[in-house]
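The following exercises are to be worked with the sequence and the model at hand. Each task is followed by a solution in steps.

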Amino acid sequence: MLTNTKDIQQVMKVVGTSPVRPDGVPKVTGQAQYGADYSLPGMLWAKVLRSPHAHARILSVDTSKALALSGVKSIILGSDFPEHPFDYVGPERVAQNYWHMTRNIMAREKALFEGHAIAAVAATTAAIAAEAVSLIDVKYEVLPHCIDVEDAMLPDAPLLFEDMITRGVEPAPSKPSNISKRLEFSTGDIAAGFASADEVVEMSFKTAAVHQGYIEPHSCLARYGADGQCELWSASQGHFVVRAYTAKLVGMEIGNLLVHPAEIGGGFGGKTVVYVEPMAVLLSRKTGLPVKIMMGREDVFKSTGPTSGSSMTVKIGVKKDGTIVAAEGLFKFQAGAFPGSPVMNATMCAFAPYIIPNVKSVGFDVVSNRPKSAAYRAPGSPISAFAVESVLDILAKKIGMDPLKLRLKNAVKAGSPTAWGPKHSHDGYAETIQVLLDHPGYQKPLGKNQGRGVASGFWFNGGGESTASVHINEDGTVVIATGSMDVGGSRASMALMAAETLGVPYESVRSTVADTASIGYNHVTGGSRVTYATGIAVVEACNKVIEDLRLRASLMWDTDIKNVVWSDGYAKPVDPSVGNFEPLSLKAIAGKRAVTGGPIGYEASTNAGGQAPGFSTQFVDVEVDPETGHVKILQFVAAQDVGRAIHRDYCAGQIVGGVVQGIGWALNEEYIYDSKGRLSNAGFLDYRIPVASDLPMIEAVLVEVPNPSHPFGVKGVGEANIVPPMAAIANAIENAIGRRMTELPMSPPRVLAAIDAG
Amino acid sequence: MMEMRFETPKTAEAASALIAATPGLSKIFSGGTDLMVHMRSGNIKPELVLDIKSIAEMNVIAVENGGYRVGAAVNCMQLLENTAFATMWPGIIDGANLVGSIQVRGRATLGGNLCNASPGADTVPAMIAAGAIASIVGPNGRREIPVEQVPAGPGKTSLTKGELIVSFFLPKRAPHSGDAYLRFTPRTEMDIAVVGVGLSLTLDANGVCTHARVSLGAVADRALLVPEAAAALIGTTVDAVALAKLAAAASAAARPIDDKRGTKVFRIKVAGVLARRAAEKALARAKGNN
Amino acid sequence: MSKHHVTTVINGDPVEFLCQPNVSLLDVLRNELNMTGTKEGCGTGDCGSCSVTLDGRLVCSCLVLGVEAHGKTIQTIEGMANGETLHVLQRKFLEHAALQCGICTPGFLIAARSLLERNNNPTEEEVRFWLAGNLCRCTGYNNIITAVLEAAREMRGA
């Protein structure tokens with residue numbers, strides 16, 4: 001891997017290395033416990049009845065035959081959950097509506113997608129629960145359905161909600177539709193901008209819904225006690241958020257629900273919401289026994305949020321010298337059965353990497369009869385980037401400019417404007433472009449049917465609430481605890497930052513994830529926020545500990561605290577005049593703690609701001625088989641500004657992982673529906689994620705432009721890498737065969753049809 | 001509650017008798033890689049499941065009359081690992097090497113792949129092209145039929161109740177012979193074939209094709225034997241002209257559907273492309289075999 | 001339906017259990033024997049997370065019936081390390097960051113060990129094709145392939 005470090009003053013001892021992670025041995029030996037790996041004595045199994053129809057009124061549900069089956073302990077319906085007022089709460093970009101959410105957990109008036117949960121059964125064995133599900137008699141009135149976003153927007157489209165009036169339109173429409181919301185970000189004068197352009201390209205694009213594809217299905221175990229206290233073991237990206245949603249959806253106080261963080265088998269955003277947890281808790285409450293639910297793979301595809309499919313039109317104007325003068329985007333996103341697609345992110349991120357004086361970016365959030373969309377790694381941004389980065393490629397060719405240089409010419413830096421208001425806060429984008437221009441692979445000659453494409457991408461990255469605690473054990477070892485679920489190795493990063501701050505070896509730091517009763521609030525592991533925000537909390541807690549260690553040493557030396565410094569893991573006299581004192585290690589100070597003030601440990605919380613966005617620029621070489629349309633990846637180089645790599649290998653791992661998801665999104669992944677609105681490919685056989693033999697080694701290039709708001713300069717790394725690949729591959733295909741693909745996925749039949757059409 | 005019996009008969013006749021004595025649905029459990037999936041989804045609810053993997057004659061791989069006798073319960077990995085067989089029939093190995101994954105190949109069998117009767121089965125076209133003969137045991141004794149007569153439609157075979165395939169006979173190979181199986185899938189592994197072509201040919205001492213068999217998979221309701229495609233090669237040196245005729249005949253014979261794995265148009269075109277490429281591969285092998 | 005009595009050997013130890021004939025080996029391992037190291041990712045043989053070896057043969061345990069284990073030997077992830085001593089593959093996976101969430105890791109380790117037992121000097125392409133039946137969604141496979149090649153190198157003493 002190549003690196004490009006800039007202005008790094010400090011010399012790090014452990015940060016930037018790649019030690020083995022604390023959860024490593026349990027994971028390679030099969031001992032680590034994931035959501036489905038927990039059991040309790042007397043446990044019941046729960047299975048879920050799901051709608052076979054894409055859209056239907058639920059006329060009646062008869063559970064009598066199912067209840068009569070020996071071994072069945074309880075059956076719940078949507079009406080067993082409390083109702084919630086219809087209200088969007090929280091910041092606009094991440095607003096929640098519990099009236100919708102409770103219906104997403106379990107249907108009430110209507111089944112709004114194939115796979116929509118109708119009822120859940122708890123029984124003594126999984127087989128009995130499954131048989132009981134088949135005995136539940138539901139009378140449906142099947143309704144016409146709509147799937148595609150354009151179809152859902154037609155005036156005569158079947159309505160999911162008969163009272164949905166589009167928000168964000170003045171005056172409000174008089175008739176209901178499936179359009180939940182319209183939003184717009186504009187700056188400058190778009191007409192004047194295009195008028196001043198030398199070249200203008202306008203093009204329309206379509207993308208299919210794709211699923212996060214985590215290998216672990218959703219699972220949980222709930223134990224509700226007669227005292228109203230409930231414990232929940234759940235695989236999620238945020239057990240505090242699971243606690244909040246589940247408590248509200250079930251109608252209990254947050255303090256009565258304790259959520260244990262199980263290891264998580266992948267999330268990518270899809271496990272920042274709940275599906276099975278409210279059902280398990282409610283069934284446990286009703287039966288007085290522990291209840292376990294594990295989703296099957298088919299249910300995961302049918303019933304959990306993929307990201308949106310879309311229909312987009314993008315128009316960009318440039319001058320002959322490559323200056324972008326105007327950009328316009330129309331982004332129509334499928335939200336699934338309930339509002340909340342990532343269209344707002346998409347409209348904001350679409351043109352974010354570029355300094356453009358005239359921008360108009362419009363988005364529509366549209367419901368249709370498919371599962372409610374959930375976050376998928378930089379939600380929304382990869383979709384709009386597919387359109388924008390493709391159009392930029394066409395423009396680069398028109399003006400005869402290298403596509404990387406076109407991007408470099410217009411690249412934002414700190415202080416550059418955005419279309420949605422605030423100025424860009426950090427540099428870093430231009431550096432990701434430059435490192436590729438300098439990369440030898442970018443000059444590699446191409447053969448027959450081969451092509452090269454580039455693309456860039458932007459993601460906000462998150463800050464937010466995190467809490468960490470740090471304690472010193474009697475033997476001088478350190479325990480740190482956070483409430484941030486560890487998906488990618490963050491326990492190791494936390495330990496590295498703590499070790500660096502305290503000046504001790506990495507091996508002396510134990511790094512854990514604590515349950516919701518044992519640590520303060522932590523927001524989700526998502527939005528590329530954990531190394532940044534939770535890292536800040538860890539460092540702050542360590543700094544508090546260091547202050548206390550100085551105080552303890554001063555007591556042990558009977559001197560003033562200002563005479564003690566903490567350096568390289570030891571308390572030392574600030575200079576020899578203080579006295580002839582040997583440096584004191586953590587172990588030495590901890591050994592005397594009882595007489596110097598008691599246990600040594602601190603907690604720190606933050607609501608971190610000052611995070612820097614993620615920028616990634618990538619190039620890919622492909623080879624197209626002109627007789628079959630098959631696309632092979634030959635070389636893929638992805639550069640990303642990570643600020644400072646705390647754990648080099650895990651940073652690179654995030655980049656490679658996101659790129660490969662992007663490759664699947666580009667070439668083969670899509671939700672395929674039949675004429676009845678049912679999913680045809682609800683399994684890993686026909687929902688085709690990349691396999692090892694499809695790929696070469698992907699090269700990750702870590703660019704480091706440190707973020708001064710973080711003690712180590714960290715910028716979130718998890719997400720920006722999935723934003724460029726689809727456009728990069730489309731651009732490479734165009735370079736190889738002279739055909740522009742405007743629809744995802746660019747599967748062989750589509751590529752072959754494009755070749756043969758020319 | 002689904003009641004299911006599981007038996008492990010020691011002979012084919014015992015298996016046949018068990019099926020005859022069972023009024024409800026009986027299923028042969030060979031590799032189980034298809035049956036387990038059908039049972040999990042509830043598509044198939046057998047009353048009796050017969051594990052035939054302990055039946056001796058279904059596990060052989062042996063030379064017989066210069067050809068090969070291969071048991072119907074031999075799994076793909078065992079076949080791949082048999083170097084002598086792999087040398088004689090690399091095209092059948094091509095197919096066996098593409099079924100599912102290594103894990104699936106450790107269980108999936110030729111008998112199961114044929115009798116599951118998926119039109120896209122990967123071992124079937126090369127077996128048809130090879131002229132394999134299926135040996136069947138049933139209530140009325142034993143009989144033999146060419147393998148192409150076994151599939152009768154998606155998920156259906158021509159076997160009657162109580163019949164099971166115990167082994168396959170691959171004929172003795174003439175000199176200058178070669179076979180190949182190619183398939184198109186969107187990924188490099190793990191997919192069901194969108195198009196599959198099995199092709200076997202024999203050349204004379206002058207390089208002229210004297211015998212050929214061409215079979216198409218995944219482009220009809222069952223694997224097809226396409227005599228017109230073979231005819232395009234016989235009597236030629238398998239030159240560019242012959243290959244073009246072969247491709248056209250293959251495309252013409254394909255009668256596929258649009259489904260989640262491929263479109264009609266795509267399958268028809270790619271059938272021709274793969275037929276040509278399979279012939280090139282078989283030809284190279286025939287020329288390498290003296 | 002009545003249960004079968006099965007005796008088998010798992011990771012070198014004799015094991016007995018009762019199971020209904022329609023239950024998969026995966027479900028027996030996880031739910032009957034509490035050996036949760038083997039994972040369910042799909043239940044249909046498409047992801048490889050449930051990989052075990054059956055009489056030395058690499059298989060998906062979701063496609064094997066529990067009753068078929070009778071009289072056979074099974075190896076699962078729980079038997080891969082030797083007490084405190086990790087198998088070289090386990091060490092290399094850790095050293096080369098070949099796991100992120102780790103859910104696919106047991107399946108990959110079992111599959112990779114099966115490869116190296118047959119071929120101790122595989123090419124990168126051979127490793128990729130052997131492991132095509134194991135899905136990973138987090139790593140993009142780079143480091144898994146590297147870890148397997150490095151383990152092979154160490155096992156050869158190279």
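**Exercise 1. The interface of chain B and chain C**

How many residue pairs are in polar contact between chain B and chain C? Describe also the extent of this interface and the elements of chain B that take part.

Solution. The model is a predicted one.

Step 1. Between chain B and chain C, eight residue pairs are in polar contact, with both residues at pLDDT 80 or more.

Step 2. The elements of chain B that give two or more residues to the side touching chain C are α2 (35–41), α3 (76–81) and α6 (102–105). Of these, α2(B) supplies the largest share, four residues.

Step 3. Contact between the two chains involves 27 residues of chain B and 31 residues of chain C. The area buried between chain B and chain C is about 2,400 Å², and carbon and sulfur atoms give 64% of that area. On the side of chain B, the most area is lost to chain C by F6(B), M36(B) and Q103(B), which together make up 27% of what that side buries.

Step 4. Five salt bridges are found across the interface of chain B and chain C. One of them links R40(B) to E40(C), with the closest N and O atoms 3.5 Å apart.

**Exercise 2. The cysteines of chain C**

Determine how many disulfides there are over all chains, and examine C101(C) and C138(C).

Solution. 

Step 1. A disulfide requires two cysteine sulfur atoms within 2.5 Å. By this rule, the count over all chains is zero.

Step 2. C101(C) is in no disulfide, and the cysteine sulfur nearest to that residue belongs to C138(C), 3.7 Å away. Because the sulfur of C138(C) is 3.7 Å from its closest cysteine sulfur, that of C101(C), the separation is too far for a bond.

Step 3. C101(C) counts as buried because its relative accessibility is 3%. C138(C) is buried as well, with a relative accessible area of 5%.

**Exercise 3. Strand pairing in chains A and B**

Solution. 

Step 1. Strand β3 (residues 56–62) of chain A runs antiparallel to β5(A) (residues 110–111), joined by two bridges. In β5(A), R57(A) is partnered by K110(A).

Step 2. β3(A) also pairs in the antiparallel sense with β7(A) (residues 137–142), over six bridges. There, the bridge partner of R57(A) is E141(A).

Step 3. In chain B, β4 (residues 61–64) and β5 (residues 67–71) form an antiparallel pair over four bridges. E64(B) stands opposite G67(B). Two residues lie between the strands of this hairpin, where N65(B) takes a positive phi near 50 degrees.

Methods:
Residues are numbered from 1 along each chain as its sequence is written. Chains are lettered from A and ligands numbered from 1 in the order in which they are written. This is a predicted model: local features need pLDDT of at least 70, side-chain atom pairs count only at pLDDT 80 or more; totals for chains, interfaces and linings use all residues. Side-chain values use heavy atoms; hydrogens and water are left out. Two strands pair if DSSP finds at least two bridges between them. Buried means under 20% relative accessible area, exposed over 50%, partly exposed in between (1.4 Å probe, protein chains only). Contact means heavy atoms within 4.5 Å. Buried area is the accessible area (1.4 Å probe) that two parts lose on being put together, summed over both. A salt bridge is a side-chain nitrogen of Lys or Arg within 4 Å of a carboxyl oxygen of Asp or Glu. A polar contact is a pair of N or O atoms within 3.5 Å; within protein, one must be able to donate a hydrogen and the other to accept it, and residues adjacent in sequence count only if both atoms are side-chain atoms.
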